[in-house]
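Good morning, colleagues. Please take a moment with the sequence and the model before I go through the surface, the fold and the packing.

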Amino acid sequence: MPPEPLHSSKEAAKILGMAVKTLNEHARMGRIRYVKKGGGTKRPRRMFTSKNIQSFIERQKVREVPACPSTGSEIRLSTNTTFKSTVIDFMAVPKPGTSLKPNKSSVT
């Protein structure tokens with residue numbers, strides 16, 4: 001049985017439609033299998049088989065799930081309010097005994 005042909009990172013990235021840098025990151029994270037060629041440790045030479053590429057494609061496929069009807073769209077219910085209130089700025093009504101200006105003794 002002849003050995004399966006190996007694809008370089010550049011060839012495999014082209015087949016997958018991604019950048020070589022992205023492919024190398026997938027390989028580093030263990031998301032795609034590869035054959036290590038050579039003995040380099042700083043910059044390993046990765047080669048990919050067609051089977052490796054196809055299995056990566058299969059694992060990356062996402063099944064379309066219909067949106068949940070309860071979270072699909074926001075429905076605003078209009079109701080009449082029965083209370084009358086106003087918003088007051090917390091600085092508008094100072095607490096009794098406090099001043100808006102700092103004391104001369106507290107400023108140093």
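The chain exposes about 10,300 Å², and carbon and sulfur atoms supply 56% of that area. Accessible areas here come from the Shrake-Rupley method with a 1.4 Å probe, and for residues only the protein chains shown count as cover. This is a predicted model, in which local features need pLDDT of at least 70 and side-chain atom pairs count only at pLDDT 80 or more, while totals for chains, interfaces and linings use all residues. Residues are numbered from 1 along each chain as its sequence is written, and side-chain values use heavy atoms, with hydrogens and water left out.

Of the 108 residues of the chain, 15% count as buried; the term means under 20% relative accessible area, with exposed set at over 50% and partly exposed in between, for a 1.4 Å probe and protein chains only.

Let me turn to the fold. The chain has four helices and three strands, arranged along the sequence as β-α-α-β-β-α-α. These are DSSP runs numbered from the N terminus: helices are H or I with at least four residues, strands E with at least two. Contact means heavy atoms within 4.5 Å. Among contacts with a separation of 6 or more, 48% are accounted for by residues 24 or more positions apart.

Which residues form the largest nonpolar core? There are nine: A12, A13, L16, L23, A27, I32, F48, I53 and F56. Such a core is a set of buried Ala, Val, Leu, Ile, Met, Phe, Trp, Tyr and Cys residues joined through side-chain atoms within 4.5 Å. Helices α1 (9–16), α2 (20–29) and α3 each give two or more residues to this core, and the largest share, three residues, comes from α1.

How do α1 and α3 pack? Their angle is about 35° and their axes lie 11 Å apart; axes are lines fitted to C-alpha atoms over the stretch in contact, and angles run from 0 to 180 degrees between N-to-C directions. A12, I15 and L16 of α1 meet I53, F56 and I57 of α3 in this contact.

Leaving aside neighbours within four places in sequence, F56 is in contact with L16, M18, H26, R31 and I32. N52 lies in helix α3, residues 50–60, and counts as buried because its relative accessibility is 11%. With the corresponding neighbours within four places set aside, N52 is in contact with I32, R33 and Y34.
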